[in-house]
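Biologist: I'm new to this one. Can you put it up and walk me through it?

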Amino acid sequence: MPRLPFDPYRFAWPIVRMLDPEVAHGLAVRALETGLVPTPPPVDDDVLKVRLWNLLFPNPVGLAAGFDKDARVYGQMLDQGFGFVEVGSITPQPQPGNPKPRLFRLESDHAVINRMGFNSEGHAASVARLQHRDRARGIVGVNLGKNKNTEDAAADYEIGARTFAHLADFMVINVSSPNTPGLRALQGAEVLRDLLVRTKEALSAGAAEHGVQRPPLLLKIAPDLTDEDKADIAQVSLDVAIDGLIVTNTTIERPATLTSVHKGEGGGLSGRPLFEASTRVLGEMYAATKGKMVLVGVGGIENGRDAYEKILAGASLVELYSAMIYHGPGLAARINRELAEILKADGFASVLHAAGQKGA
Ligand SMILES: Cc1cc2nc3c(=O)[nH]c(=O)nc-3n(C[C@H](O)[C@H](O)[C@H](O)COP(=O)(O)O)c2cc1C
């Protein structure tokens, strides 16, 4: 697809906003699959490069889980300028998720509410799409969920870890979506310890079966946690020696500032109104893990300045989803250009030099 001197999303947006959000999402994925979405000029700047674990991220701005749930368009999204893509959440067995409508745009709030409930084509469909991928195209993480009716939740994460160990550049345990009953209770200390130990072992076993190194294991947490929960999560994560935390998922809170007609819908809120709370939790987790744990900052990022704030609060990488609904997939490249400028203006040689420097 040719590079265009203008942003085609600006012209498509008036049509997109008239569509049901889930229909619009389906069309966007289809357009990406068929190569109809033009790619922006690449942003290649040393200040943006992040070397973490055994991976070299070309830039720190990733696509958060939930956009490419079934690993259909990760390659195209890498081509859009994302430094990495997190596919999923993927459940072991296919499941339809919650009844529609289950996705709402809160336009006046620059926000989204979703109660998708892990609609997933299941492990097998994503394995088929990931197994022949060209790893040189970019970094892809796999986010694992659990089926709604699974009693032994840890078993679903173990199966996922074993199944995707040789296909994922990193693996994420998602216990923080608000739309699967009982899921967030897995963030409690003892149950979490058991879950992380079992999943890490399964990941090692899966990697050994294929003769590859165990990919890094990360845990994705909610913004709606008590101080005790946060302290426990930090301690357990350090004890089990997982490789990172993704901070945060959507919130069940409804800030009083919301004005959209959809603000009363049930589900998880994301986008601009999540920025402050998720960045606060990020800073708290940075302090609680004493900078010893890699943190990925997510929640309400709309521009380079927001990404920079997350980095200063402790993030080595960032991710976004909701703002892309309003600005289109080319947003990643724009944020990277802005972020590179800000880092240089503030005298940082790299993202990792700036990580956690708030107040320093
Ligand atoms: C429609 C939608 C679906 C999502 N699905 C998932 C999911 O399957 N797994 C997950 O871990 N997070 C999921 N998320 C949460 C995002 O990955 C992200 O943590 C959250 O939206 C905050 O980032 P944002 O404000 O940039 O959107 C979803 C978010 C949205 C808006």
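This is a predicted model: local features need pLDDT of at least 70, side-chain atom pairs count only at pLDDT 80 or more; totals for chains, interfaces and linings use all residues.

Biologist: Which strands are joined to β12, and how do they run?

Modeller: Four bridges join strand β10 (residues 244-247) to β12, and the two run parallel. Three bridges join β12 to strand β13 (residues 317-320), also parallel.

Biologist: Moving on to the largest nonpolar core: how many residues does it have?

Modeller: That core has 102 residues, and those with the most contacts inside it are M171, L218, V247, L295 and V318. Helix α8 (residues 275-288) gives the largest share, six residues.

Biologist: What is M171 in contact with?

Modeller: Leaving aside neighbours within four places in sequence, its contacts include V142, L144, F164, L203 and L218.

Biologist: New topic. How many residues surround the ligand, and which are the closest?

Modeller: There are 27, and the closest are A64, G66, S89, S270 and S322. By class, that shell has eleven nonpolar, 14 polar and two charged residues.

Biologist: Which elements supply at least two residues of the shell?

Modeller: β4 (84-90), β6 (111-114), β11 (268-271) and α10 (322-327) each do.

Biologist: Last one: how many residues has helix α2, and what is its reach?

Modeller: Helix α2 (residues 21-33) has 13 residues and reaches 18 Å from first C-alpha to last, close to the 18 Å expected. Just after α2, G35 takes a positive phi of about 75 degrees.

Notes: Residues are numbered from 1 along each chain as its sequence is written. A nonpolar core is a set of buried Ala, Val, Leu, Ile, Met, Phe, Trp, Tyr and Cys residues joined through C-beta atoms within 7 Å. A residue is buried if 20 or more other C-beta atoms lie within 10 Å of its own, exposed if 12 or fewer, and partly exposed in between; C-beta atoms are placed from the backbone. Two residues are in contact if their C-beta atoms, placed from the backbone, lie within 7 Å. The expected span of a helix is 1.5 Å times one less than its number of residues. A residue is near a molecule or strand if its C-beta atom, placed from the backbone, lies within 6 Å of it. Ala, Val, Leu, Ile, Met, Phe, Trp, Tyr, Cys and Pro count as nonpolar, Asp, Glu, Lys and Arg as charged, and the others, Gly among them, as polar. Two strands pair if DSSP finds at least two bridges between them.
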